[in-house]
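Hi everyone, thanks for coming.

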Amino acid sequence: MIKLLIHATGWLVARTPHVLLRLLAGLLGRVILLIPKRRSLLFSNLHHAFPDRPRAWHAHVARLSCVRLIETGMLSLASPFFSETRIRRMARLSPELEAIMRARAAAGESRPLLIGTLHFAYWECLTWLGLLCPGIAGTGVIFRPLKNPVLNAWVKQTRERHGVLLLSRKNGLQDAFRIMRRGGIVSLLFDQNAGGNGALTLLLGRVCSTSELAGMLAEKFGAKVVVFYPRRLGFWTMRFEAVEIDSDGTSAGVTLALNRWLETLLSGDEEFRASWLWSHGRWRTQDAPWQRLRLEAKRDLLDADLAARGLTRATMPRRARFWITMPGDRDACAAALPLLRRLRRSRPDAEITLLAEAALAGPPATAGATPGTTAGATCNLMGYNLGAGAAADKVIFLPAPGPARRRLVRSLRNEFPDTHILLENSAGADREARLINAPQRFGLCAPGRRRPHLTHTWSPPPGDVSGDHPAPSQVRLWEQWWESLGLPREPELKPERDDGGWTYSGKHDST
């Protein structure tokens, strides 16, 4: 039944005038922007990737990306019903792509070729290359099969009709190996949302999990690596382009070179920036609750990536946004500061922002400063100098409860924090966290209490007593809670005050 519905819809779309399809794509693209979760993800991705651009620019790119997404979906449905003549009218090859394939044919090259593809608009139409470029016929395309076997068979049949072979990612890698051994061509998507199976790298300054399959195949078979991608010229018209990727041929080298090439393209090419599918969870990594406060994975290419950019972990971009609501009690606030130092060392990629009451905005003698934000070397909380991001990058001071505070809190959701940790255990703080709307909101939940506005809560082990004041048991509960979120264990650091202000004693004071 589902196959019949898709078949009928595709047949109808293929025969609908383009002017109507363009109007429909524009309308449905705007509908996507009305879906709260999708809209939040779109703006969050763009705000993180291009923080210096204005919100109007983010909105423009988000709208175009949604329209391109609908156009791509329509094209995927309709393309099985296109004639070869119609396809040749809609798509053409770039001179660079033709040159690469001519050189390969002229040399009678037996060296395998690995084609990387990306989630750009119209990317599924790369299977048309079997028709437009005879040298591509017989290429093995690694794809992720659909769960529905009937739909999967239909997709495989329609995509293979121009001479490429679809190889299931689950059980088709051996077929890909055989193609590469005989000097053939294999194509696959290089993805930055590989989860626990990927390697930690950077993309647009933000840590992501990149698939290493392309790099592994290139190294194993000594393959030349080329990226093929469609450039949208207009509605359902495109030019297929190609670029050879320069790398050292190792798995890590190929993986990082592909990411850097994509990063350069997204930073400098307006058309491709709009055609990338920003509505996907591109930077979903380290988001399991038990590893949220640490930066590590089975495979970690961050040091090599940073070194190529002239950076270290200490100087890497801070694009993961961690917000922490501080306790209202002065002593509890002081007791929490060593945890912030541990978080800084554990997540060097995090921009740490504190939410605190205005009464904590300076030394006790000058408390009651004007609400606002302090950052960088001037970042000060209750006399503790948090300067240069050693413990925090920003402090946002909240005014007393009332209309001004509600307006400020509502505006903060446009900063798109990734993680919000609440050290303040109150219903009011929970409601404010829900308004700010970070995807993950963590809190400590005492026995017999509920915190429905948070996404994740941690209950103390039996026998521990939780209170609202900084008794030793409370500090230890915070440590146990954060360690359950992945914070590595370290010797306790204690704040001390001397003539120069507040400092920290302990093994890691110099970091």
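Predicted model: local features only at pLDDT ≥ 70, side-chain atom pairs only at ≥ 80, totals over all residues.

Residues are numbered from 1 along each chain as its sequence is written, and side-chain values use heavy atoms, with hydrogens and water left out.

Let's start inside. A nonpolar core here is a set of buried Ala, Val, Leu, Ile, Met, Phe, Trp, Tyr and Cys residues joined through side-chain atoms within 4.5 Å. Buried means under 20% relative accessible area, exposed means over 50%, and partly exposed is in between, using a 1.4 Å probe and protein chains only. The largest core has 89 residues, and Trp-236 and Phe-240 are among those with the most contacts inside it. Which helix gives the most to this core? Helix 4, residues 55-78, with nine residues. Helices (H or I, at least four residues) and strands (E, at least two) are DSSP runs, numbered from the N terminus. There is also a second, separate core of 34 residues, which includes Leu-340 and Trp-482.

Three strands form an open sheet in the order 7-6-10, with mixed pairing; two strands pair if DSSP finds at least two bridges between them. Strand 7 (206-210) and strand 10 (299-300) are at the edges with a single partner strand each, so one side of each has no neighbour in the sheet. Strand 6, residues 199-203, pairs with strand 7 in the antiparallel sense over five bridges. One of the details to look for: Leu-200 has Ser-209 as its bridge partner in strand 7.

On to charges. A salt bridge is a side-chain nitrogen of Lys or Arg within 4 Å of a carboxyl oxygen of Asp or Glu. By this rule there are 27 salt bridges. In one of them, Glu-241 meets Arg-231, with the closest N and O atoms 2.9 Å apart. Glu-241 is in strand 9 (residues 237-244) and Arg-231 in strand 8 (residues 224-234), so the pair ties together parts ten residues apart in sequence. Are these two buried or exposed? Both Glu-241 and Arg-231 are buried.

Another pair is Asp-393 with Arg-318, at 2.7 Å between the closest N and O atoms. This pair links distant parts of the chain, 75 residues apart. Asp-393 is buried, at 13% relative accessible area, whereas Arg-318 is partly exposed, at 25%.
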